[in-house]
Amino acid sequence: DAARAHAEQLYAGYIERQRREIERIRGEGAQDLPLAVDLDYGALPGLSGEQAQRLAYVRPTSTGQAARIPGVTPAALMCLWAHARQRQRAARGA
């Protein structure tokens, strides 16, 4: 249908950028990074309220475990991975 074709065309750039970001993360070894037990998912920028709730309910201990939670989106995983990576780098610098 025309509306679907228009939507696909409209969001093609966003989808492609997200695909490249996922490939970049995988290219860095698809590292399974640890997540803090007391992580405040609601405070993480980039996570929707629904994703934050889902993650807070399960409380994954790593990004790999978070990836296996049904309904957690690739965008939410990228947000978690970026947070964990930033935390890892900060710990190395401290």
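Trainee: Quick one to start: is Ser62 buried or exposed?

Mentor: Ser62 is buried, because its relative accessible area is 11%. Buried means under 20% relative accessible area, exposed means over 50%, and partly exposed lies in between (1.4 Å probe, protein chains only).

Trainee: Before we go on, what kind of model is this?

Mentor: This is a predicted model, where local features need pLDDT of at least 70 and side-chain atom pairs count only at pLDDT 80 or more, while totals for chains, interfaces and linings use all residues. Residues are numbered from 1 along each chain as its sequence is written, and side-chain values use heavy atoms, with hydrogens and water left out.

Trainee: Thanks! Back to Ser62: where is it found?

Mentor: Ser62 is in the loop between α2 and α3. Helices here are DSSP runs (H or I, at least four residues), as are strands (E, at least two), numbered from the N terminus.

Trainee: And which side chain does Ser62 join in a polar contact?

Mentor: The partner is Asp32, with 2.9 Å between the two side chains. A polar contact is a pair of N or O atoms within 3.5 Å; within protein, one must be able to donate a hydrogen and the other to accept it, and residues adjacent in sequence count only if both atoms are side-chain atoms. Setting aside neighbours within four places in sequence, Ser62 is in contact with Asp32, Leu33, Pro34 and Leu35. Contact means heavy atoms within 4.5 Å.

Trainee: What about Arg59, what is its phi like?

Mentor: Arg59 has a positive phi of about 55°, although it is not a glycine. Most residues other than glycine have a negative phi. Arg59 is in the loop between α2 and α3 (63-67), and it counts as partly exposed because its relative accessibility is 34%.

Trainee: Let's zoom out. How many helices and strands does the chain have?

Mentor: Four helices and zero strands, so to speak an α-α-α-α pattern when read along the sequence.

Trainee: How much of the chain is buried?

Mentor: Buried residues make up 28% of the 94 residues. The accessible surface of the chain comes to about 6,400 Å², and 55% of that belongs to carbon and sulfur atoms. Those areas come from the Shrake-Rupley method with a 1.4 Å probe, and for residues only the protein chains shown count as cover.

Trainee: Which residues have the most contacts inside the largest nonpolar core?

Mentor: They are Leu35, Leu39, Tyr41, Leu44, Leu47, Leu55 and Leu80, in a core of 17 residues. The elements giving two or more residues to this core are α2 (49-58) and α4 (74-93), and α4 gives the most, with five residues. A nonpolar core is a set of buried Ala, Val, Leu, Ile, Met, Phe, Trp, Tyr and Cys residues joined through side-chain atoms within 4.5 Å.

Trainee: Which residues does Leu39 touch, beyond its sequence neighbours?

Mentor: Leaving out those within four places in sequence, Leu39 is in contact with Leu44, Arg59, Leu80 and His83.

Trainee: New topic: how many salt bridges does a search of the whole structure find?

Mentor: Two. A salt bridge is a side-chain nitrogen of Lys or Arg within 4 Å of a carboxyl oxygen of Asp or Glu. Arg4 pairs with Glu8, the closest N and O atoms being 3.0 Å apart, and Glu50 pairs with Arg54, again with the closest N and O atoms 3.0 Å apart.

Trainee: Why are Arg4 and Glu8 separated by about one helical turn?

Mentor: Because they are four residues apart in helix α1. Arg4 is exposed at 57% relative accessibility, while Glu8 is partly exposed at 44%.

Trainee: Last one: which residues form the nonpolar surface patch?

Mentor: Leu10, Tyr11, Tyr14 and Ile15, with about 440 Å² of accessible area together. Patches are made of residues with over 30% relative accessible area and no salt bridge, with like charges joined within 9 Å and nonpolar side chains (Val, Leu, Ile, Met, Phe, Trp, Tyr) within 5 Å. Tyr11 is in helix α1 (residues 2-27) and counts as partly exposed at 48% relative accessibility.
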